[in-house]
Amino acid sequence: MKKLLIVPVLLVFGLTLAACGDREDIGDKTEIRFWHMSPTGSESYSEMRQIIRDFNESQDEYHVRGTGFNFWDYWDRIGVAIASGDAPNIAFHTLDNVVLRAQGGALANISELIAADIAKGEDTLDLEVYLENQLEFATHDDDLYALPFSGTTRMLFYNLDIFEANGLTEDDVPTTWSELETVARQLDDVDADGRINILGFDPTFGEGTYHGFLWQKGLDFFDEDLNPTLDTDEHLEVLEWMLDFNDIYSRSRLDAFGEESQMLGISPFAAGRLGMVISSDGLYQTMRSYGADINYGVAPIPVPDEDGIRVNWGSGFSIEIYDDDPEKVEGTWEFLKYLQDYDTQIRLAETLGFLMSNIPAMEEYAEGNPILEAFVEELHYAVDKVYVPYAPNWHAMDWMQYFEEGLAGRKSAAEVLEAARDNYIQKRENYERMQ
Amino acid sequence: MAKKTKDGSLTLLIKREKKVGFAFASPWLIGLAVFTAFPMLASFFLSFTRYDMVSSPRFIGLTNYRILFFSDNLFWTSLWNTLYHVMLAVPLGLIVGILLALLLNSRIRGIGVYRTIFYLPNVVSIVAMGLLWLWLFQPHFGLINQVLDPVYSLFNMDPIGWYRDASWSKFTIVLMGLWTAGGSMIIYLAQMQDIPKEYYEAAEIDGAGSLRRIYHITLPLMTPSIFFNFIMGIIAGFQVFAIAHIMTGGGPARSTYYFGYYLFDKMIMDHQMGSASAMAWVLLFVTLIITILALRLNRYVFYLGEQD
């Protein structure tokens, strides 16, 4: 009986081990390690695997082995891998801080690889397909050390059902800050007891950011030498505009509105509770995935009434080569060119749900879809946030701690700006002491 | 074969036993050297360097420590937040753990089930726990404020903002931590089982009531486990991080920005591994000093069977 049991147990054990082993025999081919964000079990896993497999099948010399990590795990892993000198040959990273890794000598020089292709008379990447702003972020000392991989842009989402219920049409979609305020008030729906059912707009909801609004006025957090600014009347004016946009409602009511949305677990815009919101193409992908049943459109973010600049915060991923081993770099470069290729970029956009960096490819991908077409058009007005070595997180925790105090009414707008500026100054002084 | 002397055989045996002993202990010893001792020494070295985790570390002497102590406001804010947490969480954790143990040290039907129920939160993932309490403590719609609503009405006061209110947020995290007091409860219960029944019988004959028996017998004889949980609570308290990261993001207004959180941000967000390593060593020394001070309370601990 025991012997009879051993057979199935060994079989199950053997099959389990076989299932765990996903390593193909690559023979004499040079292995290239590629890290991405489509782990086993994710929606994009199969197609990402197929994209890699298609490259491998076209190759005699190289074999790409892809490893997918969850988005939230990815950043710690890649950071530690680079620090320990055990980075993959090629991987995604964030475009806005390429300079950090380029300065540290972690990245292969892409300009040299392009030059080598040209010298050999081989086809190489056409840099014309990328946005100049994105290429600038991938440049260090006049050389490219990465390539833009994806692009994100932010727009104004408007709910047409709510517009129509209030007698408005797409022609009424605001284009300036004053129009935004007027339309927002028309869309508000508040109970007799003060409970907010529908909020027209709030600049602090969604992906509305203080630095995004500053850019529309030609202002910023830092000057060209990366000294913190934030101390002009115009900075104060923009922050007060954000904080006071809905001051006809108490903070408690607005907090309650926010909490209700949090409890729903979905974007308040997707739930039909916000008339307008600033968000990225990510919100479009989320609503599409979950089949959100609302009639909506997107438009450029309204600009200040006087001398407003059409600009939005456009973040993105880079694709980088981490190995200086000539044997590996050549194959990795071939794979990178394949990933940046027109057709692959369309496949990647369909697989990952990102807008990719190859603009002509994205124009074809978006064709016939008004929302995506608008996003691809808006990519031309997207600017990434500057990398500040002494405060890389300047737009998030470094700023948000003070901004939240302003939102909660514990600090005035002027106090918020002063405290944030003092913090940046201290960080800069401390950073300089370390040099 | 030459016959060995008695002493020679013994020496050989001791040597052989030593080898075997080390062989059995080697997985742990190797683990200690590779995963604990080496990172500790590496972080000690890194604390004297500027290291962005991309370029090579560069020696800058005591600069990281000087910056932390003399020109970094957040260092002191985070240290204060952590001390506040320890001062509140450790005694409250001890009290709730002891009360639970006293409550569950009864001989009633299904006591095992009750003990399991109170222990269960310790096996819940901290992320799930954080999200669960986030809902419960929600100021406007959370269950806790719904239950407390009559109290708020009675005293004509606004609902407590819990984790959304900077003056309540640290206490909210402490309160939430009490949910896992079942872990220390198990240790107290184990020690309670060791207390000889004769002590209680003698006290009962002398007319001591249940409260007096707890105060004069149970609590004194539980001091070793109370002391153990006290020390472990201090050490764990200084490491508080994950729950703030999940629930409050260090806010509002940095009120739950604990030392561990700042250390994490220094490393991951600011790419200042050298400074983060210096913080780790400061934390080690702060914890060590407070633990050494706490160990002086050992003189008040009564170990059963110990001779004067």
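**Exercise 1. Locate M53(B) and describe its backbone.**

Solution. M53(B) sits in the loop that links β1 (49–50) to β2 (58–59) of chain B; helices (H or I, at least four residues) and strands (E, at least two) are DSSP runs, numbered from the N terminus. The phi angle of M53(B) is near 70 degrees, a positive value in a residue other than glycine. Most residues other than glycine have a negative phi, and most peptide bonds are trans.

The model is predicted: local features need pLDDT of at least 70, side-chain atom pairs count only at pLDDT 80 or more, and totals for chains, interfaces and linings use all residues. Residues are numbered from 1 along each chain as its sequence is written, chains are lettered from A and ligands numbered from 1 in the order in which they are written, and side-chain values use heavy atoms, with hydrogens and water left out.

**Exercise 2. Characterise the interface of chain A and chain B.**

Solution. Begin with the extent. Chain A contributes 32 residues and chain B 36 residues to the contact, where contact means heavy atoms within 4.5 Å. The buried area is about 3000 Å², of which carbon and sulfur atoms give 52%; this is the accessible area (1.4 Å probe) that two parts lose on being put together, summed over both. E259(A), M263(A) and M434(A) supply 23% of the area that chain A buries against chain B, more than any other three residues.

Three salt bridges are counted between chain A and chain B, each a side-chain nitrogen of Lys or Arg within 4 Å of a carboxyl oxygen of Asp or Glu. K427(A) forms a salt bridge with D270(B), their closest N and O atoms being 2.9 Å apart.

Then assign the elements. On the side of chain A that touches chain B, the elements giving two or more residues are α3 (71–83), α4 (98–103), α11 (251–264), α17 (397–407) and α18 (413–434). The largest share, seven residues, comes from α11(A).

**Exercise 3. Explain how R251(A) and D255(A) are placed relative to each other in helix α11 of chain A.**

Solution. R251(A) and D255(A) form a salt bridge, with the closest N and O atoms 3.6 Å apart. Because these residues are four residues apart in helix α11 of chain A, about one helical turn separates them. Over all chains, the count comes to 23 salt bridges.
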